[in-house]
Amino acid sequence: TWKDAIRGPDTDTTSITKSVVNHVQTSLARQAYNLDTSGAYQAAALSVRDNLILNWNDTQLQYTRKAPKRAYYLSLEFLMGRTLDNAMLNLGLKDNYKESVDKLGFNMEDLLEQERDAALGNGGLGRLAACYLDSSASQELPVWGYGLRYRYGIFQQLISPEGQQLEAPDPWLEMQNPWELPRLDVNYEIRFYGQAERLNDGTPRAHWTGGQEVLAVAYDVMIPGCYTKSTNNLRLWESKPKRGFDLNSFNAGNYEGAVGESNSAFAITSVLYPNDQTTFGKELRLKQQYFWTAASLADMIRRFKNLGKPITDIPDYIAIQLNDTHPTLVIPELMRILVDEEDLDWDVAWKITTNTVFYTNHTVLPEALEKWPVPLMEHLLPRHMQIIFDINMYALSHFLQTVERKFPNDRDRLARMSLIEEGYPQQVRMAHLACIGSKKVNGVAELHSDLVRTTILKDFVELEGISKFSNVTNGITPRRWLDQCNPELSALISKTLKVDKSVWLKDLDRLEGLLPFTEDAAFREEWAAVKQHNKERLAAHVKATLGLDINTHAMFDVQIKRLHEYKRQTLNILGVIHRYITLKAMSPEERKKVNPRVVFFAGKAAPGYYIAKITIRLIVNVANIINVDPDTKDLLSLYFLPDYSVSLAEILIPTSDISQHISTAGTEASGTSNMKFCLNGGLLVGTVDGANIEIAESVGEENVFFFGHLTPAVEDLRHEHRYHPVPLEQKCPALARVFEKISSGAFGDAGVYEPLLATIRTGDYYLITEDFDSYIQALAMVDEAYLDRTEWVKKSIRTTARMGKFSSDRCIMEYADSYWNIEPCPVGK
Ligand code: 26W
């Protein structure tokens with residue numbers, strides 16, 4: 001069985017207890033008799049880690065022996081969350097560890113709470129990368145992740161009593177981190193600045209010299225597959241100075257100068273940029289991108305060279321997946337290595353590059369499309385700037401000839417397609433570079449991939465043909481997002497299907513076997529009881545951490561994601577106020593018929609995102625008023641849970657009756673939490689956007705609550721708002737009443753919210769006024785559907801049962817087959 005295959009000989013409870021105690025006494029150098037919870041966590045983690053290390057070694061040895069083609073997933077963000085629970089579950093050792101920990105006088109739940117999240121990401125893009133690593137290892141595929149080891153992850157969010165978001169640093173490495181292995185011997189020198197001189201000897205070669213050199217040092221994070229020995233690697237780079245500091249300056253009395261250069265080397269990997277969907281053009285960010293892509297590529301090429309194959313074989317052994325445009329510099333960097341260091345012809349180098357690299361786009365929002373000022377790029381990376389200009393000439397001149405033939409005298413088209421955007425300053429368009437440097441380009445849901453093909457990369461589709469541009473709809477790992485976060489539901493599913501979870505967790509379509517049980521009243525009761533327990537688990541957590549009492553007999557309505565105007569948390573909070581006004585106007589008799597509802601928000605705002613921060617303030621202050629209003633508090637309450645994280649999501653998601661995914665149509669590329677909620681039997685309230693559309697196709701449109709305008713209408717509506725504005729009172733009277741309430745000072749100083757309300761009154765780019773009425777209607781339909789609890793539970797079961805498509809195993813299989821062309825490389829076969 002898989003158990004024998006992946007476990008070492010010493011994984012019975014007695015041996016585990018021995019191993020934990022041994023780590024207490026040796027690794028931690030502590031006495032077993034006065035151990036605290038934190039020490040117990042560390043020791044248990046080190047003991048679990050021993051298993052991972054053995055599997056990791058066997059896996060990597062196998063890769064070296066078999067030399068399969070490998071895929072490398074380059075992501076500036078990996079939102080891993082906690083590791084201990086996930087590792088024990090994937091190893092199939094959780095029960096054994098639980099028993100041992102019990103014997104030692106500790107509670108496993110307490111131990112798990114000791115671990116800090118590894119929060120090296122902002123949101124969807126970073127968590128997707130983490131799910132993909134889990135699925136790659138679980139399917140025994142030779143895939144490594146490459147990222148940065150930020151000393152500070154995404155900031156910690158504090159909420160002041162007035163509702164202001166405050167940011168504190170996230171020193172996640174403060175306690176020792178048992179999940180990483182420092183590889184101080186694996187390091188590369190990375191150059192910045194300096195001079196690039198073309199040789200002009202008839203070759204395209206140049207010499208890049210001078211400037212600053214820093215060291216990239218590897219830290220390896222083990223990625224265990226589920227129920228397999230295969231354990232992959234996530235390699236994170238840390239920056240440090242090449243030499244300690246400049247002793248000459250130091251001796252000459254220039255102390256600051258002596259350490260200045262060394263500090264600037266450390267700075268590169270000091271902190272994750274907390275912006276999601278907006279670019280800032282900061283030099284340090286570009287430094288991070290080059291530092292990471294150059295180190296990763298050097299590492300891949302060193303490994304490739306060990307195979308002793310001709311350099312032109314690179315595409316047969318390496319596939320590089322770009323997680324958005326952040327790692328696009330691998331394209332000019334690979335060209336630099338091939339042309340300047342390997343002395344290849346430009347054409348040969350270009351062919352190798354464009355057969356090795358793949359690009360996934362994650363957003364069509366204009367403010368999120370990366371552009372770097374040419375002067376900055378020239379200063380920091382002079383050789384790469386030359387290469388980008390050359391690619392523009394070469395790739396585009398091929399193109400341009402074709403364009404000229406296909407679309408004669410279309411100068412606009414040439415300007416639109418260029419890698420360089422004209423202006424002061426000129427800017428490099430990273431999405432264009434990523435597109436022409438890649439073998440394939442994909443979006444992350446059907447609608448989004450269509451938008452990529454018809455909007456931002458339309459000209460490239462017309463030139464290169466549609467087959468280069470395709471879709472891989474996102475997915476999530478059912479290990480973390482069902483088995484780990486909702487163990488009761490997982491157990492109920494196994495019991496009902498009469499199938500061990502080791503089977504259905506890796507073949508999620510098996511959930512369809514639940515469908516016949518919708519007619520089984522006893523099963524429905526168990527299903528509902530699990531949801532109830534999960535609500536109580538959350539309530540206990542909120543009581544313990546925030547001291548608040550939550551009504552667990554209410555419907556739970558959840559919206560958790562980054563704060564952003566396009567995601568429209570505003571629509572939700574304005575809807576809550578509308579509900580409050582409606583309840584207040586009711587007679588006590590009428591109120592008795594209303595089903596109680598608890599609304600949860602959580603999410604971080606980028607520190608510089610003013611409107612998003614006002615939205616948080618409004619939510620908190622509305623909560624402060626309505627949660628104490630004796631007329632309504634039992635029927636409607638509202639919570640903004642601070643410091644949203646992967647771990648908080650794991651407690652919140654299994655509680656939801658409904659969750660909200662209400663972006664303006666055409667703006668949310670996919671969304672992935674929508675999948676997590678539905679997998680856990682929460683129904684979806686949403687717009688016809690991103691993966692919501694495919695979720696509805698799978699679970700049945702009768703099981704989702706859709707509302708709002710469709711994507712093709714959005715442009716025209718925006719145009720109308722700009723050129724033919726209609727006063728709010730006329731456009732949407734219900735919303736106008738909500739605005740009046742806010743402006744009356746009902747939720748504190750009205751002036752505070754004015755800038756937020758103004759964005760809606762004027763312009764309304766995200767179409768709040770257009771969708772408000774149909775949003776309120778959708779919520780009314782939710783209320784009505786909830787009255788028939790039997791039918792509601794059936795909807796919940798059907799939703800879970802039909803979510804098989806959204807396992808990230810399916811996504812990784814698609815990438816492996818249709819993009820990377822890699823195959824499983826199981827250990828010991
Ligand atoms: C440079 C600033 C910046 C940082 C991050 C720009 C853009 C990003 C990401 C591409 C934004 C992001 O996380 N996009 C999300 O990706 C998810 C995974 O595909 C999707 O599910 C979300 O819909 C999309 O918003």
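**Helix packing and ligand shell in a predicted model**

Tutor: In this predicted model, helix 2 passes helix 3 in a right-handed crossing.

Student: Why are helix 2 and helix 3 called oblique to each other?

Tutor: Helix 2 (residues 13–25) and helix 3 (residues 37–66) pack at an angle of about 120°, with their axes 8 Å apart. Roughly perpendicular covers 65 to 115 degrees, and roughly antiparallel requires an angle over 145. The pair is therefore oblique.

Student: Which residues of helix 2 and helix 3 meet?

Tutor: From helix 2, I16, S19, V20, H23 and V24 meet G39, A43, A44, L46, S47 and D50 of helix 3. The residues of this contact comprise 6 nonpolar, 4 polar and 1 charged.

Student: How do you know that the ligand lies between domain 2 and domain 3?

Tutor: Both domain 2 (68–82 + 117–155 + 167–242 + 272–473 + 813–820) and domain 3 (554–806) give residues to the shell around the ligand, so the ligand lies between them. Of the 23 residues around the ligand, those that come nearest are G124, L125, H362, A669 and S670. The shell has 5 nonpolar, 14 polar and 4 charged residues.

Student: What makes the peptide bond from Y424 to P425 cis?

Tutor: Omega of the bond from Y424 to P425 is near 0°, and the bond is cis. P425 is placed in the loop between strand 15 (420–421) and strand 16 (427–429).

Student: What is the phi of Y227, and where does Y227 lie?

Tutor: Phi of Y227 is near 55°, a positive value in a residue other than glycine. Y227 belongs to the loop between strand 10 (212–224) and strand 11 (231–241).

Terms used: Residues are numbered from 1 along each chain as its sequence is written. This is a predicted model: local features need pLDDT of at least 70, side-chain atom pairs count only at pLDDT 80 or more; totals for chains, interfaces and linings use all residues. Axes are lines fitted to C-alpha atoms, for helices over the stretch in contact, and angles run from 0 to 180 degrees between N-to-C directions. Helices (H or I, at least four residues) and strands (E, at least two) are DSSP runs, numbered from the N terminus. Angles under 35 degrees count as roughly parallel, over 145 as roughly antiparallel, 65 to 115 as roughly perpendicular and the rest as oblique. A crossing is left-handed if the near helix is turned anticlockwise from the far one by less than a right angle, and right-handed if clockwise. Two residues are in contact if their C-beta atoms, placed from the backbone, lie within 7 Å. Ala, Val, Leu, Ile, Met, Phe, Trp, Tyr, Cys and Pro count as nonpolar, Asp, Glu, Lys and Arg as charged, and the others, Gly among them, as polar. A residue is near a molecule or strand if its C-beta atom, placed from the backbone, lies within 6 Å of it. Domain bounds come from an automatic or database domain assignment.
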